[in-house]
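Hi there,

Here is the structure I promised to send over. Have a look at it first, and then read on for what turned up in it.

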Amino acid sequence: MKIVVIDGQGGRLGKLLVEAVKDRIPQAEVLAVGTNGIATATMQKAGADYVATGENPVVRGVMDVVLGPLGIVVAHSILGEVTPRIAEAVGGCRGKKILIPMNSCGVSVAGTQEMGLAGYVKLAADQAEAFLRGAR
């Protein structure tokens, strides 16, 4: 099973997601894709099995589960780092998408509860683990 973590800017959310996945689902292969080199390096230090940077790794990646901020399905979000091709590739992939609402992408999701980043990361890891256990 392959889990793809996508993040941009400094990669803080991606780092937390990689750490949570490696802790909770150690058998999973984690591909961390940064929209820039800094985000990629941050996720690599967190323990991702594979890393890549930019649009093409997202477009070409085969994904069972995708984790990242909500902005990865919104073109031009994360300060313009998410290209329309990235947003289309993530939104159109057959894999399970577990997205974390972040105010920085300019999208609010009605019905979500406000919580800190650590709470969202825990929920995302819980959902990824539950999905993968059920997918076997």
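On the face of helix α2 that is turned away from its buried side sit I38 and K45, both exposed. By "exposed" I mean a relative accessible area over 50%, by "buried" one under 20%, and by "partly exposed" anything in between (1.4 Å probe, protein chains only). Helices (H or I, at least four residues) and strands (E, at least two) are DSSP runs, numbered from the N terminus.

Before going further, please keep in mind that this is a predicted model: local features need pLDDT of at least 70, side-chain atom pairs count only at pLDDT 80 or more, and totals for chains, interfaces and linings use all residues. Residues are numbered from 1 along each chain as its sequence is written, and side-chain values use heavy atoms, with hydrogens and water left out.

Back to α2. The buried residues in this helix are A39, T40 and M43. Looking down the axis of α2, these buried residues fall within an arc of 100°, so they line one face of the helix; the arc is that of the directions from the helix axis to the C-beta atoms.

At the start of α2, a side-chain oxygen of N36 comes to within 2.9 Å of the backbone nitrogen of I38. After α2 comes G47, which has a positive phi, near 110°. A46 is in the loop between α2 and β3, and at 14% relative accessibility it counts as buried. If neighbours within four places in sequence are left aside, A46 is in contact (heavy atoms within 4.5 Å) with K15, V18 and E19.

β1 and β2 run parallel and are joined by 6 bridges; two strands pair if DSSP finds at least two bridges between them. I6 has V33 in β2 as its bridge partner. Together, β1, α1 and β2 form a right-handed β-α-β unit. Right-handed here means that, with the strands pointing away from the viewer, the path from the first strand over the helix to the second runs clockwise. β2 also runs parallel to strand β3 (residues 50–53), joined to it by 4 bridges, and L31 has Y50 in β3 as its bridge partner. From β2 the chain crosses through α2 (residues 37–45) to β3, in another β-α-β crossover that is right-handed. Since 5 of the 6 residues of β2 are buried, this strand is largely enclosed by the rest of the structure.

What about the interior? A nonpolar core is a set of buried Ala, Val, Leu, Ile, Met, Phe, Trp, Tyr and Cys residues joined through side-chain atoms within 4.5 Å. The largest one has 25 residues, and I3, V5, L17, V18 and L67 touch the most other members. Elements giving two or more residues to this core are β1 (2–7), α1 (12–24), β2 (29–34), β4 (65–69), β5 (96–100) and α6 (117–135). The most comes from α6, with 7 residues. Apart from this core lies another, of 15 residues, including V4, V33, M63 and A87.

Leaving aside neighbours within four places in sequence, V5 is in contact with G14, L17, V18, V30, L31, A32, V33, M43 and L67.

There is a buried polar residue too. E129, in helix α6, is buried, with a relative accessible area of 14%. The side chain of E129 makes a polar contact with the side chain of R24 (2.6 Å). Such a contact is a pair of N or O atoms within 3.5 Å; within protein, one must be able to donate a hydrogen and the other to accept it, and residues adjacent in sequence count only if both atoms are side-chain atoms.

Best wishes
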